[in-house]
Amino acid sequence: MNKRYVTHACIWATMMLFPLIFVHPSDTLDFTLGRLVRALSTTLGIMMVFYLNYLWLTPKLFGTKRLNLFIAINLVAIVLVMGFNELWWDISIKLMPTTDTPIPDDRPEFGIPPHKQHLLFFQFVSLMLTAVGSVAIRLARRSRELEKSQHEIMRMKNEAELKALRNQVNPHFLLNTLNNIYALIAFDQEKAQRSVDMLSQMLRYVLTDNNSTTVPLGNDIKFIKNLIELQRLRLPGSVTVTTSIDISEDSKTLVVPLLFEPLIGNAFKHGVCSTCNTSISIDMHEHNGTVTCEVVNTFCPKSKSDKSGNGIGLDQVQQRLDLQYPGRYTWEKKIIDAENEGGRKNYYTKLTINT
């Protein structure tokens, strides 16, 4: 059974049985039943006002241009409930006489006696507060549902992007890798075999092994190392690649899969130039649950028509970080001067995640 229904049932049952708290051992059964019957009308009236607002008025009218109609219906409903309570009370007094509370002898010839004026005022205030409380509860529920819906949309979007990342094995990279492996077969069969094994591991990881929301960091590191080694196969001699990966392949730290791959793939796209010497530096390390990936590459931006990159924009990495690590990451991205290279520029990026 839905927890919400159980909660509502318990609250109303408690309100209906509340008069039993004031039962004295000397009270007769008829006296006690009479008190419960008269209190029942009050509880039913509060329920009517509450659910009128909770189930209909608030979802349909509150927050719209029909606010006057919302107020008018509430006032009519409250007046009707008060009239129903008075009628119920009079009938129950006749059917179940009681000496519970003597009625003051202050009835005027016309109009409402003073003691009943106080009771009616108390009823009116109670029902108004019930209506306000119902609206507040319904709006709070709507806010929670909206937040949950937005989170679900973001989760589905993130999963869709991750699925696209899994399925988007870059054809340019794959073709170059296969061509290089084919060339290796002629003069270094052992290296060619290792390359085929690395490529198969990468494909398996991208397509099947990382279907969870998070994966052990060690699995991602194996993928990154294979990626770097296979990228080396296609690079000309003018490109220098240095790596420092101080993360064990057995690391069990959970991270979002393929989060660092776009940063490294971006370096191999924009850090390679066929007409000049370029460099790529990759530094990754883990310490006390904090994972850092720092990449520096010669800044050789490609034209929009160049499809040699991995096709996964850094803006998507940003979205995944905001969704999975809100307030738990820092990400630097900037163009810096290259040291001792006569005005050349480097692209610098450093992503730090507190897992």
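Modeller: Here is a walk across the sheet, strand by strand. This is a predicted model, where local features need pLDDT of at least 70, side-chain atom pairs count only at pLDDT 80 or more, and totals for chains, interfaces and linings use all residues. Residues are numbered from 1 along each chain as its sequence is written, and side-chain values use heavy atoms, with hydrogens and water left out.

The sheet is open, with 5 strands in the order 2-4-5-7-6 and mixed pairing. (Strands are DSSP runs of E, at least two residues, and helices are runs of H or I, at least four, numbered from the N terminus; two strands pair if DSSP finds at least two bridges between them.) Strand 2 (239-246) and strand 6 (329-337) are at the edges with a single partner strand each, so one side of each has no neighbour in the sheet.

Start at strand 2: it pairs with strand 4 (residues 278-287) in the parallel sense over 8 bridges, and serine 244 stands opposite aspartate 283 of strand 4. Strand 4 then runs antiparallel to strand 5, joined by 8 bridges, with histidine 285 opposite threonine 292. These two strands form a hairpin with 2 residues between them, and asparagine 288 in the turn has a positive phi of about 50 degrees.

Strand 5 is mostly covered, with 7 of its 9 residues buried (under 20% relative accessible area, 1.4 Å probe, protein chains only). On its way to strand 7, the pairing is antiparallel over 9 bridges, and asparagine 297 has tyrosine 347 as its bridge partner in strand 7.

Definitions and conventions. Buried means under 20% relative accessible area, exposed over 50%, partly exposed in between (1.4 Å probe, protein chains only).
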